[in-house]
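Please read it with the sequence and the model side by side.

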Amino acid sequence: MLKLYDLHRSGNCYKIRLLLSLIDLEYDKVSVNANAGENKAPEFLKLNPRGQLPVLVDDGRVLWDSTAILVYLAGTYGKGSWLPEDNYELAQVMQWLALEQNEGRYGLARARAIVLGNPTPFARLGNLEECKTLAYVALEVLESRLETQPWLVGAQMTIADVACYPYVALAREGDIDASQFHSVGEWLGRIEALSNYIPLPKAGD
Ligand SMILES: N[C@@H](CCC(=O)N[C@@H](CS)C(=O)NCC(=O)O)C(=O)O
């Protein structure tokens, strides 16, 4: 059985919960209390020396970082969907994963962590105005892509969409107004209409 070490409020953990639901995979969830520092305890650091969530364990095989976990789950359990086989499309997925882990993480996600007052070094290191600048870059780049196609890569949803979705959908919690990005709004709606969609964490979770 797959085991997910999870932090409920985390968009990075939500990405994994969303893909697990979309693929319809059962898993055990272990909630880690980051407020109490459980993610920095020696036992947890053996799983992830970065002391971060999410972590996935599949039959003794440990993986940390949401991007790596998405690639693993899609490739292992995705039945040919979610991660394209064509090299150009695969590289495009990597391109959007990179946007998500740069402008997304240090823009959208960090703005949210600062505004919500998350008690982590990640939130404390940030400057809200810089985060907002990066966040709007991410939104503009996504908008320019989604103006011309329904999904970020190819003709169907991939882990690029799964990865980029949470912190865009949660942008308002970082005091970022995404309403001017109409194609992004329609893309959020397409994801939220999927039958195995699961709700985002709520502020205060
Ligand atoms: N690049 C990593 C980032 C992971 C990350 O920042 N996790 C946060 C939750 S969203 C965390 O564990 N924060 C607690 C801490 O750093 O103490 C990923 O995508 O998994």
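In the largest pocket, helix α4 provides the largest share of the lining, six residues, where helices (H or I, at least four residues) and strands (E, at least two) are DSSP runs numbered from the N terminus. The model is a predicted one, in which local features need pLDDT of at least 70 and side-chain atom pairs count only at pLDDT 80 or more, while totals for chains, interfaces and linings use all residues. Residues are numbered from 1 along each chain as its sequence is written, and side-chain values use heavy atoms, with hydrogens and water left out.

**Pocket and cavity**

The largest pocket holds about 600 Å³ of space, and of the 29 residues that line it, N12, Q52, L53, R105 and F122 are the closest to its centre. Two or more lining residues come from each of α1, α4 and α5 (121–124). The search used a 1 Å grid over the protein atoms alone: a pocket is an open set of points with protein on both sides within 12 Å along at least five of seven lines, a cavity is a set of points where a 1.4 Å probe fits but cannot get out, and lining residues have an atom within 4 Å of a point. Grid points are joined across faces, edges and corners, and a volume is the space filled by probe spheres set on the points.

One cavity of 30 Å³ or more is found in the whole structure. The lining of the largest cavity consists of L99, E100, G104, L108, L142, C164, Y167 and V168.

| Space | Volume | Largest share of lining |
|---|---|---|
| Largest pocket | about 600 Å³ | α4, six residues |
| Largest cavity | about 50 Å³ | α4, four residues |

**Domains and cores**

The domain assignment, which is automatic or taken from a database, gives domain 1 (2–77) and domain 2 (87–192). Their C-alpha centres lie 20 Å apart, and 17 residues of domain 1 are in contact (heavy atoms within 4.5 Å) with 16 residues of domain 2.

A nonpolar core is a set of buried Ala, Val, Leu, Ile, Met, Phe, Trp, Tyr and Cys residues joined through side-chain atoms within 4.5 Å; buried means under 20% relative accessible area, exposed over 50%, and partly exposed in between (1.4 Å probe, protein chains only). In the largest such core, which has 52 residues, L73 and W187 touch the most other members. Residues up to four places away in sequence aside, W187 touches L146, P150, W151, L152, D161, C164, Y165 and V168. Another core, of ten residues, lies apart from the largest one and includes Y5, C13, A34 and L53.

**Cysteines and A123**

The structure holds zero disulfides, a disulfide being a pair of cysteine sulfur atoms within 2.5 Å. For C131, the nearest cysteine sulfur is that of C164, 17 Å away, and C131 is buried at a relative accessible area of 2%. C164 is in no disulfide either, with the sulfur of C13 the nearest at 17 Å, and its relative accessibility of 4% makes C164 buried.

A123 lies in helix α5 and counts as buried at 7% relative accessibility. Leaving aside neighbours within four places in sequence, A123 is in contact with A113, I114 and N118. Between A123 and Y106, 17 residues apart in sequence, the C-alpha to C-alpha distance is 9.7 Å.
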